[in-house]
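Here are my notes on the model you sent over. Have it open beside you while you read.

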Amino acid sequence: MDSAASGLSFVRTEIARACKDAGRDPASVTLVAVSKTFPAEAIEPVIVAGQRVFGENRVQEAKSKWPALIEQYPGIELHLIGPLQSNKAKEAVALFDAIHSVDRASLCEALAKEVEKLGKMPTLFVQVNTGAEPQKAGVLPQDADAFIKSCQTTYGLTIAGLMCIPPVEEAPGPHFALTAKIAQRNGLKLLSMGMSADFADAIALGATHVRVGSAIFGTRPPFKGAQA
Ligand SMILES: *Cc1c(COP(=O)(O)O)cnc(C)c1O
């Protein structure tokens with residue numbers, strides 16, 4: 001078997017196990033296979049193995065890889081999991097079914113404009129910077145309630161859930177729990193949390209979307225260049 005396809009099978013088994021342990025229905029957890037940095041040839045075997053939901057962290061890279069695959073394979077769902085510049089909102093709304101990184105008013109304004117123009121509302125997640133890390137995107141936990149409200153009332157955006165990326169050097173559990181608590185008090189149903197190293201913990205704490213890259217596709221080449 002292709003190594004990414006066997007990675008997929010391993011991750012699916014682990015998700016099923018985590019759901020069983022948590023007394024959750026496996027259908028309540030969506031696996032977002034994070035294919036950033038990997039070329040179409042590496043992604044195709046994973047599509048052929050049945051995976052349909054994929055995550056990318058840069059608009060330009062996704063634009064260069066995905067339109068051809070989307071045309072070839074029916075039912076692909078594409079999620080933007082990385083930071084989004086307002087001037088790329090148009091391309092992002094056009095290409096992605098979900099955006100996990102809504103985190104500031106200027107981006108909401110740009111997204112609202114494109115949603116209106118294209119008549120298409122991607123599934124939107126507000127990113128929460130649960131560790132208050134200065135280098136990391138996301139709204140601070142104490143600003144989250146007001147920001148979520150303003151997305152809806154000021155910009156007319158439907159916010160479906162929250163996303164977090166815990167600090168690498170900390171236990172992720174408290175960050176997942178905090179994100180779940182903020183979602184619950186704001187009536188949001190979706191929780192995008194958990195990556196290769198901690199998706200089982202995230203499922204135990206209520207994740208509905210786990211974003212898993214290296215456990216499926218293998219180690220990525222070192223990060224180079226600017227983010228987009
Ligand atoms: C790359 C990335 C992931 C996947 O990380 P792995 O550790 O490879 O599973 C998940 N979420 C975000 C936001 C990412 O940028």
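The points below go through helix packing and then a few single residues.

1. A word on ground rules. This is a predicted model, in which local features need pLDDT of at least 70 and side-chain atom pairs count only at pLDDT 80 or more, while totals for chains, interfaces and linings use all residues. Residues are numbered from 1 along each chain as its sequence is written, and side-chain values use heavy atoms, with hydrogens and water left out.

2. Start with helix α1 (residues 3-22) and helix α2 (residues 40-48), whose axes come within 8 Å and cross at roughly 45°. Helices (H or I, at least four residues) and strands (E, at least two) are DSSP runs, numbered from the N terminus. Axes are lines fitted to C-alpha atoms, for helices over the stretch in contact, and angles run from 0 to 180 degrees between N-to-C directions. α1 and α2 are therefore oblique to each other; angles under 35 degrees count as roughly parallel, over 145 as roughly antiparallel, 65 to 115 as roughly perpendicular and the rest as oblique.

3. Which residues of α1 and α2 make the contact? On α1 they are A4, A5 and L8, and on α2 they are A42, P45 and V46, with contact meaning heavy atoms within 4.5 Å. By class, that gives six nonpolar, no polar and no charged residues. Here Ala, Val, Leu, Ile, Met, Phe, Trp, Tyr, Cys and Pro count as nonpolar, Asp, Glu, Lys and Arg as charged, and the others, Gly among them, as polar.

4. Next, α2 against helix α3 (residues 59-72): the axes come within 11 Å and cross at roughly 30°. That makes α2 roughly parallel to α3. From α2, the contact uses A40, I43, E44 and I47; from α3, K65, W66, L69 and Q72. The class count for α2 with α3 is five nonpolar, one polar and two charged residues.

5. Helix α5 (residues 105-118) passes a length check: at 1.5 Å a residue its 14 residues should span 20 Å, and its end C-alpha atoms are 20 Å apart, which agrees. The expected span is 1.5 Å times one less than the number of residues. Buried in α5 are L107, C108, A110, L111, A112, E114 and V115, where buried means under 20% relative accessible area, exposed over 50%, and partly exposed in between (1.4 Å probe, protein chains only). The cover over them includes α4 (89-95), β4 (98-102) and α6 (144-153). Just after α5, G119 takes a positive phi of about 60°.

6. L84 sits in the loop between β3 (77-80) and α4. Is L84 buried or exposed? At 2% relative accessibility, L84 counts as buried. Leaving aside neighbours within four places in sequence, L84 is in contact with V59, A89, A92, I99, S101, R104, L107 and L111.

7. S192, in strand β7 (residues 190-192), counts as buried at 0% relative accessibility. Not counting residues up to four places away in sequence, S192 touches H100, F125, L162, M163, C164, H209 and R211.

8. H175 is found in helix α7 (residues 173-185) and is buried too, at 7% relative accessibility. Beyond its neighbours within four places in sequence, the contacts of H175 are T130, G131, C164, P166, P167 and E170.

9. Last, T154, in the loop between α6 and β6 (159-164), is exposed, with a relative accessible area of 54%.
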